[in-house]
Amino acid sequence: MEFESQRELDAQRVRAEALGEPGKRRFRLLVVIDGDTHVAWMEKQQLQALGLALEQMLEQIPHPDVESAAPPASQSVEFDQNTRSQFRVGRMELGYDERSDRLVIIAHDINQDDDDEEEDEEAPGTEDEPALTFRLTREQAREISAEAAAVVAAGRPRCTMCGAPIGPEPHVCPQQNGHLPHELESTSPDDE
Ligand SMILES: [Zn+2]
């Protein structure tokens, strides 16, 4: 997997959150890149899977030899709630850029997803164009992972195997079969 290493992809600010009443909550990830806010709407299970995958990746990647570069200043950056850059997340990929010590999230628009179940007639060549690609520091990844867990949990009991919150829906435990509900590819440094 190749990553662009432009700094423009660095997330200046990120937040995982839920909106709405319990039972009708909607989940999303807010990201500010280069001053622009992007809103990635997700299913709860997607946000949960993302949080767990980030957590796993943080455990797997080696500690950098040198102090990694500081993230872009985020204090003054506000989320633009009315941004037009909003989409529903379909497929997600996760990666790690060793050179910059950044975790990389690639999110595809569900409406542009190459889904086997539905025979969408799409223009060729559009299916692999991600809707959003951004890079996180380890600290930002930890924040997102913690926020995702907290938001998804909302006071629910946790699975004793994996620590994930258990809700009314069936729990797919990654500790038991390694299954994630959505494709999350990780490139570990061991991959050749
Ligand atoms: Zn579990």
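At what angle do α1 and α2 pack, and how far apart are their axes? In this predicted model, the two helices pack at about 140 degrees, and their axes are 8 Å apart. The chain holds three helices and six strands, arranged along the sequence as β-β-β-α-β-β-β-α-α. The six strands make up an open sheet with mixed pairing, and both α1 and α2 lie across strands of that sheet.

**Chain overview**

- The chain has 192 residues, and 28% of them count as buried.
- Taking contacts between residues at least 6 apart in sequence, 63% join residues that are at least 24 apart.

**The sheet**

- The strand order is β1-β2-β3-β4-β5-β6.
- β1, spanning 11–19, and β6, spanning 132–136, are the edge strands, and each of them pairs on one side only.
- On average, neighbouring strands of this sheet are turned by 30 degrees against each other, with direction ignored.
- Strands of a sheet pair through backbone hydrogen bonds, in either a parallel or an antiparallel sense.

- β1 pairs with β2 (residues 26–33) in the antiparallel sense, over eight bridges.
- Two of the residue pairs can be named: Arg 26 in β2 is the bridge partner of Leu 19, and Phe 27 in β2 is the bridge partner of Ala 18.
- The hairpin of β1 and β2 has six residues between the strands, and Gly 20 takes a positive phi near 100 degrees there.
- β2 and β3 run antiparallel and are joined by seven bridges.
- In this pairing, Ala 40 in β3 stands opposite Leu 29.
- The hairpin of β2 and β3 has two residues between the strands, with Asp 34 at a positive phi near 55 degrees.

- β4 and β5 are antiparallel partners over seven bridges.
- Asp 109 in β5 is the bridge partner of Val 89.
- Four residues lie between β4 and β5 in their hairpin, and Asp 101 in the turn has a positive phi of about 55 degrees.
- β5 and β6 also run antiparallel, joined by five bridges.
- Leu 132 in β6 is the bridge partner of Ala 107.
- Six of the eight residues of β5 are buried, so the strand is largely enclosed by the rest of the structure.

**Helices on the sheet**

- α1 covers residues 44–60 and lies across β1, β2, β3 (36–42), β4 (86–97) and β5 (102–109).
- The direction of α1 is at about 10 degrees to β4.
- α2 covers residues 138–153 and lies across β1, β2, β5 and β6.
- The direction of α2 is at about 5 degrees to β1.

**The contact of α1 with α2**

- Angles over 145 degrees would count as roughly antiparallel and 65 to 115 as roughly perpendicular; at about 140 degrees, α1 and α2 are therefore oblique to each other.
- The crossing of α1 and α2 is left-handed.
- From α1, the contact takes in Lys 44, Leu 47, Gln 48, Leu 50, Gly 51, Leu 54, Glu 55 and Leu 58.

**Val 77 in the loop between α1 and β4**

- Val 77 is found in the loop that runs between α1 and β4.
- With 16 other C-beta atoms within 10 Å, Val 77 is partly exposed, because burial would take 20 or more such atoms and exposure 12 or fewer.
- Neighbours within four places in sequence aside, Val 77 is in contact with Gln 12, Arg 13 and Val 32.
- Val 77 and Ile 33 are 44 residues apart along the chain, and their C-alpha atoms are separated by 9.7 Å.

How values were computed
Residues are numbered from 1 along each chain as its sequence is written. This is a predicted model: local features need pLDDT of at least 70, side-chain atom pairs count only at pLDDT 80 or more; totals for chains, interfaces and linings use all residues. Two strands pair if DSSP finds at least two bridges between them. Axes are lines fitted to C-alpha atoms, for helices over the stretch in contact, and angles run from 0 to 180 degrees between N-to-C directions. Two residues are in contact if their C-beta atoms, placed from the backbone, lie within 7 Å. Angles under 35 degrees count as roughly parallel, over 145 as roughly antiparallel, 65 to 115 as roughly perpendicular and the rest as oblique. A crossing is left-handed if the near helix is turned anticlockwise from the far one by less than a right angle, and right-handed if clockwise.
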